[in-house]
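Good morning, colleagues. Please have the structure open as we proceed.

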Amino acid sequence: MKTGTLPWLVRHELRLWWREASTKGLSKRFIIISGGFSVLLLGWLWFTLGTVREVLPKVLPPTVGFWLAVAVWAFAFLFALREAMAQSSTAIFDRGDLDLLIASPMPSKAIFASRLLGIAIGTFLSFSLFVIPYSIAVLLFGFYALLGIYPALISISLIATSLGMILSLWLTRILGAKRARSLVDFLSIIVSSVFVLLSQLPNLLRIYQFQLPKMLLEWPVFSQTSPLWLPSRALYFDPAAVVFSLVFSTALLWLTSEFLNRWFLSSTQQSVVEKTKAPKTFAPFSSNLNALLLKKEWKLILRNPYLLSRTFLPILLLIPLTLASLGGTRMIALVSLLTMGTVLIGSQFATALTIMSVSAEEAPDLLKSSPISGVRIRQFKLLAALIPSWLLVTPLFVFMGFQKMPLILPVLVFLGATTCTVILRLWNTRPIPLAQLMGRKRENLPSADIWLSTGEVIANFAWLTAAFFVPTSNWPFGGIPLAIIALIGVASYFRSRVIGTSIGF
Amino acid sequence: MQAALEITQLSKRFGEQFAVNGLNLCIEAGMFYALLGPNGAGKTTTLRMVAGLLQPDGGDIQIFGHSLAQNPSEAKRLLAYLPDDPMLYSKLRPLEYLEFVAGLWSIPSQQAEAKAIELLKVLDLWKVRGDYIESFSRGMKQKLALAGGFIHEPKLIILDEPLTGLDAGAARLVKDMLSDYVKQGNSVILTTHIMEIAERMASRIGIINKGALIAEGTLAELQARSGNSEETLEDLFLELTEVES
């Protein structure tokens, strides 16, 4: 391969990606997770596909199959756009080997194109966890037309990459690097949120008996034959749709690399480091160490964009939960539903805050070399993660109180779940550089600890199960998950004595 | 005179490899002590054990008579440790960082605030007091870490390669601050690869290799030991460490 060309550079990027992935144990983890996923998905498909095969398309599908394809395309596109926006932001703002490449005699077009292709390949590969088992099922059942998901996903990845990069570069030009980065991160969260809310749409439509598809179908532009839905027809190998999708997406990527490479180069030269104006006055120093410990954690959390992404999602999850609670569900089921919701939201938020306050502690040596006991520091780090999680969910409990729902058991389950989540992290965490929370090497996050991740997943499921049964005093079914949680807690404690943590056992 | 730091039979192993092997060291209060050694000699491991960051496998560490193992809180209260990679929070402002450090050492707030402002002005960081630390250059970060070390007025400051990344002016400022600090009766232990710094500033020099102290004394004592009073510290250092290797 000729050196200094685009294919050579793409090969170099892929080699770096693979080295990093394979040396960090990602491939092994990937195989384990995707294997487990495949088995689960195949089992699920085995039972469900048999019942829906009559409605699946031959050439032009009947209503259900058609809307299913549109929904799959829309979800895949949102997922890809979120992924591409995050990766574009990283490609522009994380220096990495960019200075070396820019300083070399390689043409800027080739550098930019290699970055675009890297993002597109990464986005496409992020689908593989779902697509591999899907393909196996498709082959098993003989629905070969559904292999159209491959050209569809290739075109989705290329379009999302182009749009993600165009948006990031445009925002950098008009807002500057620092604000653009924050906004791109924020927009990718919005896209994730739309993704979450859309997944709740069928439930909400059912609750409010809203006939959205029929209304849409009455407009010609939304009819099944409309060109608007052409890209989604690629999913079942409609030849015209496949050709159009691939040609359009490739052309869009080529145009982006051809005309925006100078924007890319100028954007990469901007600093994303925040320069702030000196405040006119400073708050007087405080001697209250407990307050200082909490204040320091919360300041660092609030000033980091990672928090935004982790706060916004749980708050948005509250919306469908609240709507569901107003939708006339039976009281007893509603208590279980709301308890499960509080456990899910609270645990997710508490985990994010614990990652910030414990795993991403930037100066563990400063804390360890100080005369303050490690126990006290850990206690306040726990509180720094727990108090905001409790405050976030309090309005739901107030709502439950006003509705005269039972409160004691739900609150106890919620407190148990959030505290357990935080303690599991504290006992098993490893230090990570703060920059990695938003950077390219996200596989190095503490969640990459397979034992911790597995323990957390099992504990979360157990708490959700307990949240479903315990508020209704169904002790036989509620007791089993609590016993499982206790076992995980004991195992985690003893593991922590072996591996130690970044803030000192 | 009381010993600022007394290390007895200190050892630390990583796997089969001894990083520190039966090290004995006594540094008197009010002394500027330079700990020298080639890469991998065990300097940083020793200092990290003294700061309470690493648990020794054997031996004892006393700081002003307080055992680090038995009374860590009192021992650490008298000590500041500044590693070569500054221990800072990127999203805090300098005064917020110093307030936090002062809080960890339980310094009264008014005293800490006055000292923090003074240190920022002396170290030429006052004009950037409103910026997040992440925007600082390496030299500025080093200076802020130094301010964090000085804010609780420790009796013993341990610095691991403190001049890395500093420009000539800042390096001179730091050296003057350290010299003044020793003149006030405090103690400084410093590791460096720049022999001239040890030669000019240190009242006593220790050379460590393969986890053990192989020579110690004033520059004159070390020269006398080699039998050549004209020899530079660099020559002495290379001779001693090469012989050991």
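Let me begin with the interface, noting that this is a predicted model. Chain A brings 32 residues to the contact, and chain B brings 37 residues. The size of an interface is often expressed as the accessible area lost when the parts come together. Here, the area buried between chain A and chain B is about 3,500 Å², with carbon and sulfur atoms giving 62% of that area. On the chain A side, A:Phe285, A:Arg303 and A:Pro371 supply 24% of the area that this chain buries against chain B, more than any other three residues.

I turn to the polar terms. Between the two chains there are four salt bridges, and 13 residue pairs are in polar contact, both residues being at pLDDT 80 or more. A:Asp365 forms a salt bridge with B:Arg48, in which the closest N and O atoms are 2.8 Å apart.

Which elements of chain A give two or more residues to the side that touches chain B? They are α13 (289-302) and α16 (364-369). Of these, α13(A) gives the most, with seven residues. By class, this side of chain A has 16 nonpolar, five polar and 11 charged residues.

Finally, the cores. The largest nonpolar core has 72 residues, and those with the most contacts inside it include A:Leu366, B:Leu36 and B:Tyr89. Among the residues that B:Tyr89 touches are A:Lys296, A:Leu300, A:Leu366 and A:Leu367, as well as B:Tyr97 and B:Phe100.

Methods:
Residues are numbered from 1 along each chain as its sequence is written. Chains are lettered from A and ligands numbered from 1 in the order in which they are written. This is a predicted model: local features need pLDDT of at least 70, side-chain atom pairs count only at pLDDT 80 or more; totals for chains, interfaces and linings use all residues. Side-chain values use heavy atoms; hydrogens and water are left out. Contact means heavy atoms within 4.5 Å. Buried area is the accessible area (1.4 Å probe) that two parts lose on being put together, summed over both. A salt bridge is a side-chain nitrogen of Lys or Arg within 4 Å of a carboxyl oxygen of Asp or Glu. A polar contact is a pair of N or O atoms within 3.5 Å; within protein, one must be able to donate a hydrogen and the other to accept it, and residues adjacent in sequence count only if both atoms are side-chain atoms. Helices (H or I, at least four residues) and strands (E, at least two) are DSSP runs, numbered from the N terminus. Ala, Val, Leu, Ile, Met, Phe, Trp, Tyr, Cys and Pro count as nonpolar, Asp, Glu, Lys and Arg as charged, and the others, Gly among them, as polar. A nonpolar core is a set of buried Ala, Val, Leu, Ile, Met, Phe, Trp, Tyr and Cys residues joined through side-chain atoms within 4.5 Å. Buried means under 20% relative accessible area, exposed over 50%, partly exposed in between (1.4 Å probe, protein chains only). Lists of a residue's contacts leave out its neighbours within four places in sequence.
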